[in-house]
Amino acid sequence: MTAPAPGSLLIDGIGSLVTNAPGTGEGALGVIARAALVVEQGRVAWTGPSAHAPDADARVDAAGRCVIPGFVDSHSHIVFAGDRGREFAARMAGRPYEAGGIRTTVAATRAATDAELLGTAERLLREARTQGTTTLEVKSGYGLSTAEEERCLRVAARVTDETTFLGAHVVPAEYADDPAGYLDLVTGPMLEACAPHSRWIDVFCERGAFDADAARRVLAAGRRAGLGARVHGNQSGPGPGVRVAVEAGAASVDHCTHLDPGDIDALASAAPAEGVGEGAGGSATEATARGGTVATLLPGVDFATRQPYPPARALLDAGAAVALATDCNPGSCFTSSMAFCIALAVREMRMTPDEALHAATRGGARALRRTDIGHLGTGARADLTLLDAPDPVYLAYRPGVPLVAAVWKDGELVA
Ligand code: NIG
Ligand code: FE
């Protein structure tokens with residue numbers, strides 16, 4: 001028998017292991033019952049039945065509980081200052097959600113020190129981690145000047161590799177009379193300053209923010225600067241966001257609350273190819289070549305802004321690729337809980353518990369064009385969450401209950 005690899009970890013006694021690698025286990029989630037998993041050098045080295053588990057340097061007993069891939073939260077805005085709890089209370093009393101509230105956070109963010117911004121971002125990252133999130137995308141968008149957006153992205157880059165430049169969030173007050181001038185700034189000097197700290201560019205394509213032509217310009221400029229495209233669209237009403245995103249080959253269009261049948265068809269036709277990278281993580285080049293646009297649903301926003309929920313059932317039935325994310329931000333949705341989003345998706349959007357879990361893990365990975373996360377096939381990053389539950393259905397079945405017992409990121413215990 002070969003000696004265990006130095007530093008290897010065996011997680012044994014897993015009642016139910018969700019791999020999201022269909023070839024590896026049962027069903028679309030690739031579930032292995034009475035399973036074990038071995039981590040070596042931060043990667044999944046082996047999965048299979050407990051009875052066949054190899055030796056490792058260290059061993060953890062899951063005591064019959066379930067292990068899932070860490071949540072991939074592909075949409076957040078955790079670099080900000082200030083508080084909008086009163087705005088939420090007013091909304092619950094009947095006031096509509098307005099994108100203009102973003103300007104309140106812009107003023108508070110500009111007034112905050114670097115240390116304050118980093119402190120809040122780190123606290124929210126920790127909060128997400130302890131709830132099972134192992135990858136978190138983070139956007140700018142509350143600075144809205146060249147220096148402030150760059151500052152927000154430097155902070156974002158301290159807490160994640162998945163950084164997104166969202167200078168095109170809304171037109172700031174000082175450009176209220178010159179939106180064209182702001183667009184020139186965002187696609188010119190601001191982009192130039194922010195691109196080195198960003199992986200993605202995003203635009204809020206919505207009435208009251210940026211129209212289709214402006215959004216196309218933002219995404220094209222981002223592409224020339226080497227950034228991948230993402231879009232906020234169809235949040236408050238029907239609009240061109242989905243079509244703009246699909247045309248531009250964006251990795252994801254997020255919100256998708258108000259879709260017409262043409263939007264659903266467009267997303268179904270644009271779904272990224274399934275199956276690639278379900279085993280070992282593929283290269284970035286492969287991931288980019290695969291392309292496709294994911295519909296990222298943010299049900300926490302619809303909850304906190306009293307909107308209808310996105311038509312998840314119609315999207316899935318049409319063949320669109322769906323992700324779930326929190327959109328954690330101080331205005332439209334201040335949750336970092338992916339489990340809450342899963343519960344909403346199951347109860348309010350008629351996703352099955354399996355579909356919701358897949359969307360919160362592998363779906364998020366696809367929305368970030370990542371093949372190394374969101375699944376636990378051999379070679380994947382060892383980003384995994386041990387639930388205090390015998391079955392992942394508990395995420396929706398026991399809403400609001402903290403069910404996360406332990407979290408490993410790159411094989412290290414982080415919560
Ligand atoms: O994704 N839609 C635009 N941006 C954020 C809201 C930000 C805010 O209200 O502060 C969102 O919902
Ligand atoms: Fe957002």
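Predicted model: local features only at pLDDT ≥ 70, side-chain atom pairs only at ≥ 80, totals over all residues.
**Entry 1: helix H7**

I started with H7, where Gly241, Val242, Arg243, Val244, Ala245, Val246 and Ala248 are buried. By "buried" I mean that 20 or more other C-beta atoms lie within 10 Å of the residue's own, against 12 or fewer for exposed and something in between for partly exposed, with C-beta atoms placed from the backbone. That makes seven of the eight H7 residues, and the helix is mostly covered.

Residues are numbered from 1 along each chain as its sequence is written, while chains are lettered from A and ligands numbered from 1 in the order in which they are written.

Helices (H or I, at least four residues) and strands (E, at least two) are DSSP runs, numbered from the N terminus. What do the buried residues of H7 pack against? I found S10, helix H6 (212-224), S11, S12 and helix H8 (261-269). Contact here means that the C-beta atoms of two residues, placed from the backbone, lie within 7 Å. H7 (residues 241-248) lies across strands S10 (200-205), S11 (228-233) and S12 (252-255), and runs at about 170° to S11. For that angle, axes are lines fitted to C-alpha atoms, for helices over the stretch in contact, and angles run from 0 to 180 degrees between N-to-C directions. Just after H7 I spotted Gly249 with a positive phi of about 70°.

**Entry 2: the seven-stranded sheet**

Next I traced an open sheet, in the order S8-S9-S10-S11-S12-S13-S14, with parallel pairing. Its edge strands are S8 and S14, each pairing on one side only. Two strands pair if DSSP finds at least two bridges between them. S13 (residues 294-297) and S14 run parallel and share three bridges.

**Entry 3: strand S1**

Then I looked up S1 (residues 9-18), which is largely enclosed by the rest of the structure because seven of its 10 residues are buried. Which strand pairs with S1 in the antiparallel sense? It is S2 (residues 31-40), over seven bridges, and Ser16 has Ala33 as its bridge partner in S2. S4 (residues 58-61) runs parallel to S1 with four bridges, where Asp12 partners Asp61. S5 (residues 66-69) is also parallel to S1, with two bridges, and Ser16 stands opposite Cys66 in S5.

**Entry 4: the annotated site and ligand 1**

I checked the unreviewed UniProt entry: its "binding site" annotation covers Tyr142, Asn329 and Gly331. They are spread over 190 residues of sequence, yet they cluster in space, with a largest C-alpha distance of 11.2 Å. UniProt positions are in the numbering used here, feature names are shortened, and annotations may be inferred rather than shown by experiment.

Tyr142 sits in the loop between strand S8 (138-139) and helix H4 (146-159). Why does Tyr142 count as buried? Because it has 30 C-beta neighbours inside 10 Å. Asn329 is in the loop between strand S14 (322-324) and helix H12 (338-349), and counts as buried with 26 such neighbours inside 10 Å. Leaving out residues up to four places away in sequence, Asn329 touches His77, Phe80 and Phe334, while the contacts of Tyr142 include His77 and Phe80.

Last, I counted 14 residues around ligand 1, the closest being Ile102, His232, Asn329, Gly331 and Ser332. A residue is near a molecule if its C-beta atom, placed from the backbone, lies within 6 Å of it.
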